[in-house]
Amino acid sequence: MALLAVVAVSAVHAQVTVDGAWARATVPNQSATGAFMRLTAQKDVVLTGASSPVAGIVEVHEMSMDKGIMRMRAADRVPLKAGQTIELKSGDLHIMMMDLKKQIKAGERVPLTLSFTASDGSVSTVEANATAGFAPLAR
Ligand SMILES: [Cu+2]
């Protein structure tokens, strides 16, 4: 409970707290990779998009099972309920960075801007610095 209180105070101006953001490091000439993180909204918002200077196209993707085959598709709207943490993780909801402009090496910082739309239609952005690596960050 004490930890939650600290997070809430430090994020008083942000609608959404980003935690544990990481991006999968790439090999040379790899064109796409994923980014993963935990998102906690202070009020109900909808994740409606993302962008990054290192990728030409950034989409929110979800995985789904279709006749026994895992597929991923763009999720244009991902609702976040106030106070509930959603986890973007490998094999599940994720940020897909495509048309990569450079190799993403382990240890690098990958800037991401997430866009959220509130119930009144207002749009806000939250900066997420993902750490590049090959596995989730230790908690
Ligand atoms: Cu994807």
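Modeller: Start with His-61. This residue counts as buried, at 6% relative accessibility (buried means under 20% relative accessible area, exposed over 50%, partly exposed in between, with a 1.4 Å probe and protein chains only).

A word on the model comes next. It is predicted, so local features need pLDDT of at least 70 and side-chain atom pairs count only at pLDDT 80 or more, while totals for chains, interfaces and linings use all residues. Residues are numbered from 1 along each chain as its sequence is written, and side-chain values use heavy atoms, with hydrogens and water left out.

Now the metal. His-61 (ND1), Met-72 (SD), His-94 (NE2) and Met-96 (SD) coordinate the copper ion, at 2.1 to 2.3 Å. Donors are N, O and S atoms within 2.8 Å of the metal (3.2 Å for Na, K and Ca); water is not among the atoms, so sites may look incomplete. The site is tetrahedral, with angles of 99 to 121 degrees among its 4 donor atoms. Along the sequence, the donor residues follow the spacing H-x10-M-x21-H-x1-M. Strands (E, at least two residues) and helices (H or I, at least four) are DSSP runs, numbered from the N terminus. His-94 is buried too, with a relative accessible area of 5%.

Stay with His-61 for its neighbours. Its side chain joins that of Glu-59 in a polar contact of 2.8 Å. Such a contact is a pair of N or O atoms within 3.5 Å; within protein, one must be able to donate a hydrogen and the other to accept it, and residues adjacent in sequence count only if both atoms are side-chain atoms. Not counting residues up to four places away in sequence, His-61 touches others including Met-72, Asp-92, His-94, Met-96 and Met-98. Contact means heavy atoms within 4.5 Å.

Step along strand β8 to Ile-95. At 0% relative accessibility, Ile-95 counts as buried. Leaving aside neighbours within four places in sequence, its contacts include Val-58, Glu-59, Val-60 and Leu-112. Ile-95 and Ala-23 are 72 residues apart in sequence, yet 8.8 Å apart in space, C-alpha to C-alpha.

Of its 33 residues, Met-37, Leu-39, Leu-80, Ile-95, Met-97, Leu-112 and Phe-116 touch the most other members. Strand β9 (residues 109–118) gives the most to this core, with 5 residues. A nonpolar core is a set of buried Ala, Val, Leu, Ile, Met, Phe, Trp, Tyr and Cys residues joined through side-chain atoms within 4.5 Å. Leu-112 has contacts beyond four places in sequence, among them Met-37, Val-58, Ile-95, Met-97 and Val-126.

Last, the whole chain. The protein chain has 1 helix and 10 strands. Its order along the sequence is α-β-β-β-β-β-β-β-β-β-β. Of its 139 residues, 37% count as buried. Among contacts between residues at least 6 apart in sequence, 67% join residues at least 24 apart.

Technical notes
Four donors count as tetrahedral if all angles lie between 85 and 135 degrees; four count as square planar and six as octahedral if opposite donors are over 155 degrees apart and all others between 65 and 115; anything else is irregular.
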